[in-house]
Amino acid sequence: MKKNSNLAEVLMILIGEAIVSLLTVGVYLLVEYYTKKGDVFDYTVITGLLLGTAVVIANYAFLSVSVNRAINKVMAMRPEGEMTEEEIMEFSEKNQGVIKNAAATSYIVRTLSMLATFILVFLFLDEWFAVVATVVPLLAFRPIIMIGEIFRKRWNK
């Protein structure tokens, strides 16, 4: 992968998460306004959104780094010079497990970090982070990626 491609992906995720965060703040403010309670929206909403977004960005960076390292490792093992189609197929079949393992490990680590963030905030850190506001960016990650792919396909036509 190219570094510019990774940077563009991170930027797309950041923009998506910023939009989701603004919508979340808006919902909190609406709930506070309509319930006439003064304690619905406070600093914990902002810190929760920032924590959730930071975990999402860190997870994506971890994914990019781990998969890129695996690809670089495989490419370093590639023989010098031209390869026949049969050699390419054999090399690919022999080494595809390295990349698959890196992606699988990354998925497990990312899932566990999201789960740990939720558990820590829910059980121990709820005085500093609003639980719902922390979870919203974590849940919005997949839809942001899907929407980003739709836009990318339209722009690349």
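**Notebook: helix packing and surface patches**

Started with T24. Setting aside neighbours within four places in sequence, I find T24 in contact with L49 and V136. I'm working from a predicted model here. T24 sits in helix α1, which covers residues 3-35. Is T24 buried or exposed? I get 8% relative accessibility, so T24 counts as buried.

Next I went to P137. This proline is in helix α4, residues 131-155. Its relative accessible area comes out at 0%, so I put P137 down as buried. What does P137 touch, apart from neighbours within four places in sequence? I listed E17, L49, G52, T53 and V56. L49 is a name I already had from T24, whose contacts are L49 and V136.

I also checked P137 against A102. The two are 35 residues apart in sequence. From C-alpha to C-alpha I get 24 Å in space.

E17 turned up among the contacts of P137, and I looked it up on its own. E17 belongs to helix α1. What does E17 touch, if residues up to four places away in sequence are not counted? My list reads T53, V56, P137, A140, F141 and I144. T53 and V56 are also in contact with P137.

E17 is buried yet has no salt bridge. Which side chain of opposite charge is nearest to E17? I found R142, 11 Å away. A salt bridge needs the side-chain nitrogen within 4 Å of a carboxyl oxygen.

Then I turned to the surface. I noted a negative patch formed by E85, E86, E87, E90 and E93. Is E85 buried or exposed? Its relative accessible area is 67%, so I marked E85 as exposed.

The other patch I wrote down is nonpolar. Which residues form this nonpolar patch on the surface? I have Y107, I108, L112, L115, F118, I119, L120, F122, L123 and F124. Together they have about 990 Å² of accessible area. I took L112 as my example, and it lies in helix α3. At 51% relative accessibility L112 counts as exposed, because the cut-off for exposed is over 50%.

To wrap up the page, I have P137 at 0% relative accessible area and T24 at 8%, both on my buried list. On the exposed list I have E85 at 67% and L112 at 51%.

Terms used. Residues numbered from 1 in each chain as written. Predicted model: local features only at pLDDT ≥ 70, side-chain atom pairs only at ≥ 80, totals over all residues. Heavy atoms only, no water. Patch = residues over 30% accessible without salt bridge, like charges linked within 9 Å, V, L, I, M, F, W, Y side chains within 5 Å. Areas by Shrake-Rupley, 256 points an atom, 1.4 Å probe, with all protein chains shown as cover. Lys, Arg positive; Asp, Glu negative; His and termini not counted. Charge placed at Lys NZ, Arg CZ, Asp CG, Glu CD. Buried < 20%, exposed > 50% of the residue type's maximum accessible area, 1.4 Å probe, protein only. Helix = DSSP H or I, 4+ residues; strand = E, 2+ residues; numbered from the N terminus. Contact = heavy atoms within 4.5 Å.
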